[in-house]
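Hello,

Here is the structure I promised to pass on. Have a look at it first, and then read my notes below.

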Amino acid sequence: MPVHADHPRSIDETALAAALDGTTAGVAVFDTDLRYIYVNPALVRHNGLPPDAHLGRRPSEVMPDIDAREDLMRAVLTDGRAREITSSGRLPAESGTARCYWHGAYHRLEVGGRIVGVVGIVLEVMASDDEQHRLAQAQRHLSLLDSANTRIGTTLDMDTTCAELTDLVVPGLADVATVEVFPPDVAPPVRPAPPDVVRMRRAAISSVRGLSRGIEQFGVAGDYIDYQEDAAVPRCLVSNQPVVENLTGDELLSRAAPNPERVAAYRELGLHSAIAVPIAVRGAPIGVLGLLRAGGSPVFTDDDVVVARELAVRAAVHLDHARRFTHEHTIALELQRSLLSEPRPPHPHIEVATRYLPADRSVLVGGDWFDVIPLPDGRHLKAMGDVMGHGVEAAVAMSHYRSLLRLLADEELPPHRILEQLDRMVERSGLDRAATCLLAVVDRSGAVCEVASAGHLPPVFIDPAAGTRLAAVSAGPPLGTGYGGYRTTVVECGPGTVLFMYTDGLVERRGEDIDVSVARLAGLTLPESGDLEELLDAVLDRFGPGAEDDIAVMASRTRTEPDGATP
């Protein structure tokens, strides 16, 4: 049998083979660098690798998935004290994923008083059933914790995050999982809770298939759940510690349940163990993760509690972000809606239709706004604006722009002069949010429209007789920059022409040039009824899907008598 090239031929290989080739134990001889210089047939068969795959290499190189404890083998070389070593791992020749275990005895090999290597004699052993069970459980727990990094917190929606948590732990950790949170402090009011009752909102629930129908009787996602004071969930919230209930008797089951009436139903489903784990942020609970096991599933162990608590800690970070977002989003949306109340027609002969469509919940509300302001002699001013940014600050800034515009409208200036004054006033006020704005002053007859733009997209004129056109309006810089330089463009309109104004959320799409998107608006047509509300419905149906920002749209026209005269 070949010997490592750097090792002296001081070992009688023939004697080794005669003594060890016939033993059923695996035997290996290593040099002082822990490289194989001899392997017997039993070890070759067990490892499933030929001798040449071993010789000249270390165990970690031959079998990288085996914990060979080379550190202890070096200790044997250093101090000469024999050691017994237990190793585990997966063999290269194994096609499955089963883990193997070996117990080995290692001693230092000396020839003529000189240290020449280490001898190892190993036997495969079987881990006990209990140890194998614990190892399998530990692997499942580690897998859950690893999956949590990618499967929880993919959005800023609280209910979605809660559903991701319950879906993750069923069936790996529980047969049924729920997440319940305190009702939001910014939301429509709900019926008051009875005295001595803790009310929670069930944000998510998951269960194994065999329990899914039966468990629905206890409440589905979105329901409010009332708990008696001594139930597991309120006790968990008060102590901010996990509460474990292995429900061996009806008394314990009754105490853990939201109310005693559920005991019979729990027994029918075979529920026998429960954990309530607090979901807390900075020491204050915001909800509870509930885990249940039924039927032949084992009771919960201390290890299960540790894993459940770690998952709750990780979910809490994402839920806190989602809760803060939801809180701010709701306030901003309510503020914006209150400021964007449907504008009343400034004169009896003016028709106005508007829509405001917030982007989905993953995007904060923005500063889109519109207004219609009456002017003397039957004229009126129409405005469409978009404050840059999102959130409460953008909604507040939008209210400032709108108030200043109403103040300037009283001065009866042409649109470009109003924009110039507004730009200067915003700059002096210290308002640090720029905004685009489109103004249109329409005369009483609706035949002449004066338009000026501060960085806003062009308006659309829909003429029942002449067709639809995008107005060629010179766009100056956004408001709040202090640059000025705005112009008024005069657009002549036929009878019944509709002026359509919008914010960029309607047309802006990722990966597409904005000019291409805006050009599509030239295809707008009035519905057969001529109704402006139907027009906006059709516009949003066509252009709204896929929007990544808020959308504000406004359509208006001057009514005319059948003979073309204004009323």
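Predicted model: local features only at pLDDT ≥ 70, side-chain atom pairs only at ≥ 80, totals over all residues.

Residues are numbered from 1 along each chain as its sequence is written, and side-chain values use heavy atoms, with hydrogens and water left out.

The structure has three aromatic pairs (rings of Phe, Tyr and Trp, its six-membered ring, with centres within 6.5 Å; planes under 30 degrees apart are stacked, over 60 edge-to-face, the rest tilted). In one of them, the ring centres of Phe30 and Tyr36 lie 4.7 Å apart with planes at 45 degrees, so this pair is tilted. Both Phe30 and Tyr36 are buried (under 20% relative accessible area, with a 1.4 Å probe and protein chains only).

Phe218 and Tyr266 have ring centres 4.9 Å apart and planes at 90 degrees, so they are edge-to-face. This pair links distant parts of the chain, 48 residues apart: Phe218 is in the loop between helix H8 and strand S8, and Tyr266 is in helix H11 (helices are DSSP runs of H or I, at least four residues, and strands of E, at least two, numbered from the N terminus).

Now the sheet: five strands form an open sheet in the order S12-S22-S21-S17-S18, with antiparallel pairing (strands pair if DSSP finds at least two bridges between them). Its edge strands, S12 and S18, each pair on one side only. S21 and S22 pair over four bridges, and Met501 stands opposite Met554 in S22.

Best wishes

Terms used
Buried < 20%, exposed > 50% of the residue type's maximum accessible area, 1.4 Å probe, protein only.
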